[in-house]
Amino acid sequence: MTLRIARYKHTRHWALYDGAALVVVTVYRRGAQEVQRRLVAQAPAATEAAAQAAARAARARAQPASEAGAAGG
């Protein structure tokens, strides 16, 4: 995630961009900085949750066929 703060068009407002995508427009630069801080802090938690879901899926695929057949009936 590449976040940058810049002036929003020709206004006195501030914008937070993720690459070329506009994320938020705020009145104050500190507001944009706070949103940026929260998004950066949130990213590791989202990555960790995705890794845990992938690990659960891998364990489910690694289940022996005999157990899968017994459960399926």
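Modeller: Before we start, strands here are DSSP runs of E with at least two residues, numbered from the N terminus, and the model is a predicted one.

Biologist: Fine. Which strand is Thr 26 found in?

Modeller: Thr 26 belongs to strand S3, which covers residues 21-26.

Biologist: And is Thr 26 buried or exposed?

Modeller: Thr 26 is buried, because its relative accessible area is 13% and the cut-off for buried is under 20%.

Biologist: Which residues does Thr 26 contact, leaving aside neighbours within four places in sequence?

Modeller: With those neighbours set aside, Thr 26 is in contact with His 13, Trp 14, Gly 31 and Ala 32; of these, Trp 14 also stands opposite Thr 26 in S3.

Biologist: Switching to the sheet, what is the strand order?

Modeller: The sheet is open and has three strands in the order S1-S2-S3, with antiparallel pairing, and the twist averages 25° from one strand to the next.

Biologist: Why is one side of S1 and of S3 left without a neighbour in the sheet?

Modeller: Strand S1 (3-7) and S3 stand at the edges and each has a single partner strand, so one side of each has no neighbour in the sheet.

Biologist: How many bridges link S2 and S3?

Modeller: Strand S2, residues 14-18, pairs with S3 in the antiparallel sense over five bridges.

Biologist: Last one, where does helix H1 lie?

Modeller: Helix H1, residues 29-61, lies across S1, S2 and S3, and runs at about 170° to S1.

Notes
Residues numbered from 1 in each chain as written. Predicted model: local features only at pLDDT ≥ 70, side-chain atom pairs only at ≥ 80, totals over all residues. Heavy atoms only, no water. Helix = DSSP H or I, 4+ residues; strand = E, 2+ residues; numbered from the N terminus. Buried < 20%, exposed > 50% of the residue type's maximum accessible area, 1.4 Å probe, protein only. Contact = heavy atoms within 4.5 Å. Pairing = 2+ DSSP bridges. Axes fitted to C-alpha atoms, helices over the stretch in contact; angles between N-to-C directions.
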